[in-house]
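Please open the structure in a viewer and keep the selection tool at hand. The stops below proceed by selection, each followed by a description of what is found there.

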Amino acid sequence: MEMSVQEERERKAKSYKMLLWFAIISIVMVFAGLTSAFVISKSRPDWVSDLIVPKAFIISTIVLLVSSVTFHLAKISIKKDSRGATTAYLLLTLALAIAFIYLQFSGFNELFANGFVPTGSTGTITVSFLYAFVIMHVAHLIGGTIALLVVIYNHYKQKYNATQTLGIELGAMFWHFLDFLWLYLFLFFYFYK
């Protein structure tokens, strides 16, 4: 008995979503390990407890939250077959992603300007952890940005419509995860000193 086109799409969607969940769980495990190491290292005598989170990280958090909203609006727009709105929201999400990455490096510049470096004679374990967390997140966000570019390309090629939204849904799921992950990391560093 052959599967219908709809059944085949649903099976494919379920498989892709499960693979994405495996990837998300793997990323959570990496950051859980880093968080645990951070908590354990807090008892070290060279721990810096007066580290102030750079203002650029605060602004980048807001930018990433807004980008999550724009990606969600893109998903809603394609389900309504509103191609123009979907394009606008996807491009706005891309611009916000680039702004987020720029702001992350601006945050590093703020840290350097205040003498907080991750290595060398003036480096501290606290700053090293901050850099590790941010660089790992930025690496995953660059992966998310590449996925967003693929979604934009496929949207341009008209592969999505009200009945076929799998690529946008998967992209949005990963993007919202990255948003949640950054929010967790930001709040962790902001309040757990």
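This is a predicted model: local features need pLDDT of at least 70, side-chain atom pairs count only at pLDDT 80 or more; totals for chains, interfaces and linings use all residues.

Is Glu-8 buried or exposed, or partly exposed? Glu-8 has a relative accessible area of 34% and is therefore partly exposed; buried means under 20% relative accessible area, exposed over 50%, and partly exposed in between, with a 1.4 Å probe and protein chains only.

Residues are numbered from 1 along each chain as its sequence is written, and side-chain values use heavy atoms, with hydrogens and water left out.

**The whole chain**

Display the protein as a cartoon. It has five helices and zero strands, where helices (H or I, at least four residues) and strands (E, at least two) are DSSP runs numbered from the N terminus. Along the sequence the pattern reads α-α-α-α-α. Taken along the principal axes, the C-alpha atoms fill a box of roughly 65 × 35 × 25 Å. Of the 193 residues, 42% are buried.

A contact means heavy atoms within 4.5 Å. Among contacts between residues at least 6 apart in sequence, 84% join residues at least 24 apart.

**The salt bridges**

Because Arg-11 and Glu-8 are three residues apart in helix H1, about one helical turn separates them. Arg-11 is partly exposed, at 42% relative accessibility.

A search of the whole structure finds two salt bridges. Select Glu-169 and Lys-17 next: this pair also forms a salt bridge, with its closest N and O atoms 3.1 Å apart. Glu-169 lies in helix H5 and Lys-17 in helix H1, so the pair ties together parts that are 152 residues apart in sequence. Glu-169 is buried, with a relative accessible area of 18%, whereas Lys-17 is partly exposed at 28%.

**The nonpolar core**

Select Phe-57, Phe-133, Trp-182 and Phe-189. Within the largest nonpolar core, which has 53 residues, these four touch the most other members. A nonpolar core is a set of buried Ala, Val, Leu, Ile, Met, Phe, Trp, Tyr and Cys residues joined through side-chain atoms within 4.5 Å. Helices H1 (5-41), H2 (55-79), H3 (83-113), H4 (125-156) and H5 (166-191) each supply at least two residues of this core. The largest share, 14 residues, comes from H5.

Centre the view on Trp-182. Not counting residues up to four places away in sequence, Trp-182 touches Phe-57, Ser-60, Thr-61, Leu-64, Phe-100, Gln-104, Val-134 and His-137.

**A buried serine**

Move to Ser-67, in helix H2. At 0% relative accessibility, Ser-67 counts as buried. Its side chain makes a polar contact with the side chain of Trp-175 (2.9 Å); a polar contact is a pair of N or O atoms within 3.5 Å, where within protein one must be able to donate a hydrogen and the other to accept it, and residues adjacent in sequence count only if both atoms are side-chain atoms. Leaving aside neighbours within four places in sequence, Ser-67 is in contact with Thr-93, Leu-96 and Trp-175.

**The surface patch**

Show the surface and select Tyr-16, Met-18, Leu-19, Trp-21, Phe-22, Ile-25 and Met-29. These residues form a nonpolar patch with about 790 Å² of accessible area together. Patches are made of residues with over 30% relative accessible area and no salt bridge, like charges being joined within 9 Å and nonpolar side chains (Val, Leu, Ile, Met, Phe, Trp, Tyr) within 5 Å. Phe-22, one of the patch residues, is placed in helix H1.

**Two loop residues**

Most residues other than glycine have a negative phi. Asp-81, in the loop between H2 and H3, has a positive phi near 60° and is partly exposed, with a relative accessible area of 43%. Gln-158 lies in the loop between H4 and H5; its phi is likewise positive and near 60°, and Gln-158 is exposed at 58%.

Definitions and conventions: Accessible areas come from the Shrake-Rupley method with a 1.4 Å probe; for residues, only the protein chains shown count as cover. A salt bridge is a side-chain nitrogen of Lys or Arg within 4 Å of a carboxyl oxygen of Asp or Glu.
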